[in-house]
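Let's walk through this structure together, one stop at a time. Please keep the 3D view open as you read.

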Amino acid sequence: MPIGYYLVVAGLLFSIGSVGVLTRRNAIVLLMCVELMLNAVNLTLVAASRLWGAADGQVVAFFVIVVAAAEVVIGLALVVNLFWRRGTLDIDVASLLKG
Amino acid sequence: MGDVVVLAAEFELHAEPAIGIAAIAWLIPLLPLVGFVVLTFAGRGLGRRAGWLATATSSGSFVVAVGVVAQLWATHEQARTLLTAGYTWIEVGALRLTTHLLIDPLSAVMILVVTGVGSLIHLYSIGYMQGDERQGRYFAYLNLFLFSMLLLVLGANFVVLFVGWELVGLCSYLLIGFWFEEMPNAVAAKKAMVVNRIGDASFAVGLLLIFAEFGSLDFAEVLPAASDVLGEGGAATAIALLLLGGAVGKSAQIPLYVWLPDAMAGPTPVSALIHAATMVTAGVYMIARASPIYVLSELALVVVASIGVATALLAALIAIQQDDIKKVLAYSTVSQLGYMFVGVGVGAFGAGIFHLVTHAFFKGLLFLVAGSVMHAMADRTNMWRMGGLWRIMPITFWTGVVAVLTISGIPPLSGFFSKDHILAAAYEEGSTAIWAVGLVTAALTGLYMGRWLFVTFLGPKRWDAPPAGPAGDDPHTAADTEAASAAAEGTRPTEDAHAELRPHESPPVMTVPLVALAVLAAIGGVLGPTKEGPLEHWLESSVAHLPPRGGATALSEPVLIVLSLIAGLAGLGLAYVLYLRPPRRRDPVAANLGNIALAMRRGFWVDQLYDRVFVRAGGAWSRFLVWFDVTVVDGAVDGMGRFSLDTASTLRGIQTGLLRSYLAGLVLGTAALIGVFLVGAL
């Protein structure tokens, strides 16, 4: 399968993720959308690795997975704190630092 | 100026270390300083003893001064310039100032006058200030003044002279405003301070110029080198005129004389000591001291003499129509100081100092006489409400007669000789116009002093007359509310104007100084019976000399003497006709001369003119500066702050606090960067 298909799917995933990040207010949905974006990137890396016959891209993909796991841990901790303090998952409520 | 004039160049000043009594000459200023310190901290509880302590310190100074002068007298003529021990006061780069005291014939004359007349006036003050609540402070100031004045005349460099110069100004301020509870007194003190500042600024610039030219401010280095360093160029004229600026302030000459008449707000002995006998003559002393610089500039000398003669005439005209016995004497002082300026301005420095000395005697005496009268008349000063006092206070009257005859130039009293020397010097130097005006002024002097004597002491008793002007109800009195004119009856706040008048002769503590000064005024002429008299000969090594010049010779010296004698007698005679025979209750001059007399009475409205031109212009300028400060300077600073605030409040709108909007910015920015990258790659 030509590389183009992988890239199109990855682009679609990334776009869906970023639109979700920009439009949704639920913090958990936000985290999920970020995961979508990360996985779009992972897909691109793995596809490129396969195309060039080198393992570098796959190695990086593993790193991304590890970092994403850590990110989710911190992100969920923030979400839990937000919920405890504000009783909601709406991130627009957390706007104390506005100018 | 055109023709080449060879100006005097020979001036030497070799100072030798003082030995003998002169080695303790530093005691002369130190004793009054000790008196000042003691009286400042302990004067309150001393009461009347404060006066005796102050008199003791000033008399002590006088004794030392006499010893020093006696030693100088016994010394060879060429070795009469001595320096006492001193220490280095300031040493910065090329500037080195020491506190040595310079004792030479000129400063010797000055210390004798200052401590001698000063001690007599201290003594007199004990009687005059009796019962005043702040006697301790008064005598502390008087001692401080004596210290300052002695520092002024004994300083061996221009800076010590300037320090003394400023200190006497301070004492003048403190004593003019001594009864500061009365607003006019405080205003008069402030006026004296401000007017003197103008002259002092000029003086200070002159000192800077001297330092720039000579690299030193020591008399011993500057004065002998004057002709070599300055030549006959503009620098000598500039320095001489700048120093003159200080002198016209301190010595109350046109255009800065306006503070002196108001200075009469102080206690009368202060007027006698500071505003007649000593401090106001500091300008004359300074010009005589700096005479090696002055003789280099013919222009500066002409300016000095012209200012002097103009002041002498103007002040004499004003004095004719003053009713306040102290104001008459104040304008008379201004006028006599003008004579001294004429003397030093025509190069007759010895004659100028001679008149300074005799003036210290007779004007000090006149003020003490006035003080004695005020003492008797419950501090009243309007001469038209006196009269007939001569029987009641004979000592005051007869010493007053001596003083009036002296100032009017009647031989053989001292004023005749000193005034005549100045006029003769002016004539022989070629300044016939100045001589002529001086002669007219001499006649006017006789007139106003005769009026002063006759109206105050002779004629009918007018003690209970209504306080009207001499020309009846003066319509201008009410309108004339200028502080300057209203200032200064020299009244104590405790005065009870309605107290019953019981004129009496003053106590001995006051009459002894009167008699002493009257004797000095009478016999002072022995100091200079001729132009080569002892005093002028004595001063020869201290002052520079103009070479004799072919001036006017149409009138021989005896003729000049007779003319000035006639002038004095004419003035006194006119006063006799106008005011004594027949006796007057009102001033016939004011009644007949109308507006001219009014102009004299108001001092030709000079105070009002200065008020319009300088005081108000200064006020307007100050208000402009305030506006500039508030609007432009503060505006710039405030503007910076406001700009920051405005910018920040505009920009903070970006910070919405919405996480998604930041993310949108992130995404859009990234997209834009990619766009740019792609466009660049194409």
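B:Pro255 sits in the loop that links α8 to α9 (259-262) of chain B. In this predicted model, the peptide bond leading from B:Ile254 into B:Pro255 is cis, with omega near 5°. To find B:Pro582, look in the loop between α23 (557-580) and α24 (588-593) of chain B. As background, most peptide bonds are trans, and most residues other than glycine have a negative phi.

B:Asp379, although not a glycine, has a positive phi of about 65°; you will find B:Asp379 in the loop between α15 (349-376) and α16 (394-407) of chain B. B:Phe604 is not a glycine either, yet has a positive phi of about 55°. B:Phe604 belongs to the loop between α25 (595-601) and α26 (606-651) of chain B, and with 14 C-beta neighbours inside 10 Å B:Phe604 also counts as partly exposed.

Now back to α8. The axes of helix α8 (residues 234-250) of chain B and helix α13 (residues 298-320) of chain B come within 9 Å and cross at roughly 20°. Angles under 35 degrees count as roughly parallel, so α8(B) and α13(B) are roughly parallel to each other. The crossing is right-handed. On the α8(B) side the contact involves B:Thr237, B:Ala240, B:Leu241, B:Leu244 and B:Val248, while α13(B) contributes B:Leu299, B:Ala300, B:Val303, B:Val304 and B:Ile307. By class, that makes nine nonpolar residues, one polar and no charged ones.

The strands of chain B are our next stop. An open sheet has three strands in the order β1-β2-β5 (chain B), with mixed pairing. Its edges are β1 (16-17) and β5 (102-103) of chain B, each pairing on one side only. Between β1(B) and strand β2 (residues 82-83) of chain B the pairing is parallel, over two bridges, and B:Pro17 stands opposite B:Leu83 in β2(B). Elsewhere, strand β3 (residues 88-92) of chain B pairs with strand β4 (residues 95-98) of chain B in the antiparallel sense over four bridges. B:Thr88 has B:Thr98 as its bridge partner in β4(B). Two residues lie between the strands of this hairpin, where B:Gly93 takes a positive phi near 55°.

Finally, look at where the chains meet: twelve residues of chain B are in contact with ten residues of chain A. The chain B side of this contact has six nonpolar, four polar and two charged residues.

Conventions: Residues numbered from 1 in each chain as written. Chains lettered and ligands numbered in written order. Predicted model: local features only at pLDDT ≥ 70, side-chain atom pairs only at ≥ 80, totals over all residues. Contact = placed C-beta atoms within 7 Å. Nonpolar A, V, L, I, M, F, W, Y, C, P; charged D, E, K, R; others polar. Pairing = 2+ DSSP bridges. Axes fitted to C-alpha atoms, helices over the stretch in contact; angles between N-to-C directions. Parallel < 35°, antiparallel > 145°, perpendicular 65-115°, else oblique. Left-handed = near helix turned anticlockwise from the far one by under 90°. Buried ≥ 20, exposed ≤ 12 C-beta atoms within 10 Å, placed from the backbone.
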